[in-house]
Amino acid sequence: MIEVYKDQSLAGRDIPFGILDVRYPEQAEWDLAAFGKLKETELAAIKEQAGTYDRKAAFSEEPYFRYFRKHKKTYPVMAQLESFLLKGRPFPEYNPINQVAFLTELKTRMLTGTHDADKIEGALVLFEAAEEIPFVGMGGRDKHSYKGDLTGRDDSGVVLTMISGPDEKTCLTDKTLHPVYMVFAPEGLPIAKVEGCLNQMELYIKTLAPGAAIESAII
């Protein structure tokens, strides 16, 4: 499993950080039919919520919503859910390893991230950013950390932040077989919710690839 730890800026803070370190077998061993069937069942159940969905009731008291609002940002999972639920945006049919994370976000409404574990250099160190730190984000975009945001760095620099998302270097490719899934949590989110999110994701992984080797931890 990749090495992950928190530095002194997070010492004593109630910020559970979930990790699933997964080694998938070769794609020929994946059960795409079983995963596709489960995915369609899950998406249909989520879609049924459209008639009763209310943003205020669903998100306004959630720690994630408050965390992003504090930084004057929109909670991305809320935006994704509303795009799918209310605007008819199709579920993205790309790399199934990524689909696992996206489906988990729609199901649990919790924030996840996915990185190629083999591209993380050294240990992943979690810390609270004290300033804006520039890095190259997904798609080659110029990104930066935000003051007070949960951020992660490896030996080469920033890998992830809750607000700005993942870096470019550790993004998945079609050849990735060793991803690490991460569950972000604002301060005070019950650890049981992180555990539940990890369990939900593990169900999807095992459906997609019954032979996958999974190591789980909450830091």
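**View 1. Gly18 in strand 2.** Gly18 is found in strand 2 (residues 18-23); helices (H or I, at least four residues) and strands (E, at least two) are DSSP runs, numbered from the N terminus. The model is predicted: local features need pLDDT of at least 70, side-chain atom pairs count only at pLDDT 80 or more, and totals for chains, interfaces and linings use all residues. Residues are numbered from 1 along each chain as its sequence is written, and side-chain values use heavy atoms, with hydrogens and water left out. Gly18 is buried, at a relative accessible area of 0%. Buried means under 20% relative accessible area, exposed over 50%, and partly exposed in between (1.4 Å probe, protein chains only). Leaving out residues up to four places away in sequence, Gly18 touches Tyr181, Met182, Val183, Val194, Leu198, Ala217 and Ile218. Contact here means heavy atoms within 4.5 Å. Gly18 and Tyr181 are 163 residues apart along the chain, yet their C-alpha atoms are separated by 8.1 Å.

View 2. The largest nonpolar core. This core has 62 residues. A nonpolar core is a set of buried Ala, Val, Leu, Ile, Met, Phe, Trp, Tyr and Cys residues joined through side-chain atoms within 4.5 Å. The most contacts inside the largest core belong to Tyr24, Val100, Leu150, Tyr181 and Ile205. Helix 6 (residues 191-208) gives the most to this core, with seven residues. Helix 1 against helix 5. Helix 1 (residues 32-47) and helix 5 (residues 96-108) pack at an angle of about 25°, with their axes 11 Å apart. That makes helix 1 roughly parallel to helix 5. Angles under 35 degrees count as roughly parallel, over 145 as roughly antiparallel, 65 to 115 as roughly perpendicular and the rest as oblique. Axes are lines fitted to C-alpha atoms, for helices over the stretch in contact, and angles run from 0 to 180 degrees between N-to-C directions. Leu32, Phe35, Lys39, Glu42, Leu43 and Ile46 in helix 1 meet Pro96, Gln99, Val100, Leu103, Leu106 and Lys107 in helix 5. By class, these are eight nonpolar, one polar and three charged. Ala, Val, Leu, Ile, Met, Phe, Trp, Tyr, Cys and Pro count as nonpolar, Asp, Glu, Lys and Arg as charged, and the others, Gly among them, as polar.

**View 3. Helix 6 against helix 1.** Helix 1 and helix 6 pack at about 140°, with their axes 7 Å apart. Helix 1 contributes Leu32, Ala34, Phe35, Leu38 and Glu42; helix 6 contributes Gln200, Leu203, Tyr204, Thr207 and Leu208. The contact has seven nonpolar, two polar and one charged residues.

**View 4. Helix 4 and its cover.** Seven of the 10 residues of helix 4 (residues 76-85) are buried, so this helix is largely enclosed by the rest of the structure. Val77, Met78, Leu81, Glu82, Ser83, Phe84 and Leu85 are the buried ones. Their cover includes helix 1, helix 2 (55-59), helix 3 (63-70) and helix 5.

**View 5. Two loop residues with positive phi.** Most residues other than glycine have a negative phi. Lys72 has phi near 60°, a positive value. Lys72 lies in the loop between helix 3 and helix 4 and is exposed, with a relative accessible area of 79%. Arg109 has phi near 65°, also positive. Arg109 sits in the loop between helix 5 and strand 3 (112-116) and is partly exposed, at 23% relative accessible area.
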